[in-house]
Amino acid sequence: MGDKLNWAGNYRYCSMELLEPKSLAEVKDLVVSRTSIRVLGSRHSFNGIADTGGSHLSLRKMNRVIDLDRVQRTVTVEGGIRYGDLCRYLNDHGYALHNLASLPHISVAGAVATATHGSGDLNASLASSVRAIELMKSDGEVTVLTRGIDPEFDGAVVGLGGLGVVTKLKLDLVPSFQVSQTVYDHLPFSALDHGIDEILSSAYSVSLFTDWAEPIFNQVWVKRKVGINGEDEISPDFFGALPAPEKRHMVTGQSVVNCSEQMGAPGPWYERLPHFRMEFTPSAGNELQSEYFVPRRHAIEAMRALGKLRDRIAPLLFISEIRTIASDTFWMSPCYRQDSVGFHFTWKPDWERVRQLLPLLERELEPFGARPHWAKLFTMESEMIQARYERLADFRHLLLRYDPIGKFRNTFLDHYIMHRC
């Protein structure tokens, strides 16, 4: 395998080889002939969830749009397609996905498998768009699970890469729409005390950014769906915060050219919902990331709890983002049956100091039942994580049925899922 690092450079994979099939038949040959294999997506994970001591299989050469069904309003894609590439195709044909993550660079299958999300009170994770999923199991058999038909569907979609190779996905679509994005400067934390629900639900997507140095949100990124309930009418202020006079990057010192268009200019949904542009380096690049989800109703309390660590957090941080995510029904999703608020941390690349801080941060969030993002950095014990997923035992049984010999499992899944505490 050539470059064995993830995109941020903080994790080195242990795999012996990288396989890049071009067809379903090739995937089957490779899966059947290997004793240990794991799918590698776009390398945007920060921990060992995608790693293996065996073979890595990349579907980047299987990245086609298979079918656009205008009657059912769905699109079927191969497992290697990235959001940035899919979205251009959909928009050209008059369609859209309901939401997108901050980065368009990530693969659809990888984002779905880890319950990756965007932002918005009414917007569930990207996995919620999945209508059907095609999996190749360890013996080479291909199976298709469909929402509303197969009872195991909700267990398989956010599958953490453990059930098999996701070779195809059928996704629900909505009509294409326009979005305008406005960045507002300096919203005090205290503004949330008087109207957090109103603030977070005031637009299609609202992201609050803070460096935790002071009790203030340095920036608020507000994405309005143009023409819907007057959302395209840009307010002269945002609950006291004023529009930025020029384009912003949420990380001080980073080039604004990397970011999606702002200043209230309307544009296609796929060019505004992500924070970053497909052609440029996302976020800070050389960084670490953590994210924790707590029930939406505990947003203020959790924020105050984290505020106790302000002096410890700020020196290690590039930026922190707070955003909301609607509930879903996927067994291993951090937003399973709970509207959630995500506390995201983009750390400076100093893992030793971050590693010492995370247990303190996790202790403050413990009363709220925080669940970490599966593909980012955390130090919570497996016992605590398992206790927060009521369907974990069902998911464990599903893994054993689909992959009884553990061909797709790895150290990460063995520790956090299969290990009985």
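Two strands are said to pair if DSSP finds at least two bridges between them. Strands (E, at least two residues) and helices (H or I, at least four) are DSSP runs, numbered from the N terminus.

Good morning. The model before you is predicted: local features need pLDDT of at least 70, side-chain atom pairs count only at pLDDT 80 or more, and totals for chains, interfaces and linings use all residues. Residues are numbered from 1 along each chain as its sequence is written, and side-chain values use heavy atoms, with hydrogens and water left out.

Let us begin with the sheet. Five strands form an open sheet in the order S4-S5-S9-S7-S8, and the pairing is antiparallel. At the edges lie strand S4 (65-69) and strand S8 (142-146), each pairing on one side only. On average, neighbouring strands of this sheet are turned by 15° against each other, direction ignored; axes are lines fitted to C-alpha atoms, for helices over the stretch in contact, and angles run from 0 to 180 degrees between N-to-C directions.

Strand S7 (residues 130-136) and strand S9 (residues 165-172) run antiparallel and are joined by 6 bridges. Glu134 has Lys168 in S9 as its bridge partner.

Next, the helices. Helix H1 (residues 24-33) packs on the sheet and touches S7, S8 and S9, its direction making about 50° with that of S7; contact means heavy atoms within 4.5 Å. Helix H2 (residues 83-92) lies across S4, strand S5 (74-78) and S9, at about 35° to S4.

Finally, we return to strand S8, where Val144 is found.
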